[in-house]
Amino acid sequence: QARSLGVRRWLLLLLRVLAILLLVFLLARPRLVGEAAHAAAALPAQATVILVDNSLSMQYRDGQESRLQRAKALAGRLLQGLRQQDSAAIVPLLVADSEKSDPAFFTNDVTTLRQHITAIEASHAAVDMTEAFQRAFTLLQDTAATRRRIILLADFTVHGWEDFHLSRFTVVPEQVELHFIRLGNDQRDANMLVEGIRIVEK
């Protein structure tokens with residue numbers, strides 16, 4: 001009986017210690033979140049070009065939504081982390097000749113950026129990855145932001161990537177991060193996917 005009483009006391013002590021630790025954690029959590037937010041706000045301004053693949057293959061539906069609809073929804077979610085000092089530009093992968101007189105531009109107005117996303121439609125234009133990235137590189141070249149990135153939302157079918165090489169670009173800004181997000185079904189495109197992308201400067 002004495003041993004049973006001792007075990008109970010140790011269990012009560014352990015529960016009290018755990019309760020105190022939990023209270024300390026709950027009190028410290030707002031501070032940790034606040035410090036993380038402060039650190040994020042202190043980062044230099046970032047300019048982001050979101051390239052949205054609007055080729056005909058993006059009209060394929062893997063489920064209820066087409067790939068283009070999924071790409072546009074994802075582009076909208078990417079804007080959620082946009083800070084006041086940041087900017088973004090929405091660039092369709094394919095641009096018709098009649099639309100080239102209205103080029104993309106950087107802004108931190110999320111409403112305007114969402115309107116640009118909504119306006120993207122599937123295009124019959126020929127896929128030219130070099131020309132699309134050149135437009136993105138040119139935009140980034142003219143920005144004063146020290147952190148620059150390109151995010152490509154695409155299904156990465158093989159057509160259009162054959163001649164893609166850094167040496168073909170006339171403008172390549174320094175310190176640009178490239179992020180490739182693939183949309184599509186592995187089974188459908190198993191025979192015509194770009195398995196990897198490697199940019200080598202020579």
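Here is the tour, from the sheet to a helix and then to some charged pairs.

**Before you click**

This is a predicted model, so local features need pLDDT of at least 70 and side-chain atom pairs count only at pLDDT 80 or more, while totals for chains, interfaces and linings use all residues. Residues are numbered from 1 along each chain as its sequence is written, and side-chain values use heavy atoms, with hydrogens and water left out.

**Stop 1: the sheet**

Switch to cartoon view and look for the strands (DSSP runs of E, at least two residues; helices are runs of H or I, at least four residues; both are numbered from the N terminus). You'll find an open sheet of 4 strands in the order 2-1-3-4, with parallel pairing. Two strands pair if DSSP finds at least two bridges between them. Select strand 2 (87-92) and strand 4: these are the edge strands, each pairing on one side only. Neighbouring strands of this sheet are turned by 15° against each other on average, direction ignored. Such angles run from 0 to 180 degrees between N-to-C directions, using axes fitted to C-alpha atoms, for helices over the stretch in contact.

Now zoom in on strand 3 and strand 4, which run parallel and are joined by 7 bridges. Pick L153 and you can look for its bridge partner in strand 4, I181.

**Stop 2: helix 4**

Next, select residues 129-141, which is helix 4. Helix 4 lies across strand 1 (46-52), strand 2, strand 3 and strand 4, and runs at about 155° to strand 3.

Which side chains of helix 4 are buried? Colour M129, T130, A132, F133, Q134, A136, F137, L139 and L140. Buried means under 20% relative accessible area, exposed over 50%, and partly exposed in between (1.4 Å probe, protein chains only). The buried residues of helix 4 pack against strand 1, strand 2, strand 3 and strand 4.

At the N-terminal end, click D128, which caps helix 4: one of its side-chain oxygens lies 3.3 Å from the backbone nitrogen of T130.

**Stop 3: T143**

Move on to T143, in the loop between helix 4 and strand 3. T143 counts as buried, at 19% relative accessibility. Leaving aside its neighbours within four places in sequence, T143 is in contact (heavy atoms within 4.5 Å) with A47, F106 and R148.

**Stop 4: salt bridges**

Side chains of opposite charge can pair when their charged atoms come close. A salt bridge is a side-chain nitrogen of Lys or Arg within 4 Å of a carboxyl oxygen of Asp or Glu. How many salt bridges are there by this rule? The count comes to 3.

- Select R135 and E131, whose salt bridge is 3.0 Å, N to O. Both lie in helix 4, 4 residues apart, about one turn of the helix. R135 is partly exposed at 21%, and E131 is partly exposed at 29%.
- Select D86 and R83, which meet at 2.7 Å, N to O. D86 is buried at 6%, and R83 is buried at 18%.
- Finish with D155 and R67, where the closest N and O atoms are 3.2 Å apart. D155 lies in the loop between strand 3 (147-154) and strand 4 (176-182) and R67 in helix 2 (residues 67-78), so the pair ties together parts that are 88 residues apart in sequence. D155 is buried at 0%, and R67 is buried at 0%.

Technical notes: A polar contact is a pair of N or O atoms within 3.5 Å; within protein, one must be able to donate a hydrogen and the other to accept it, and residues adjacent in sequence count only if both atoms are side-chain atoms.
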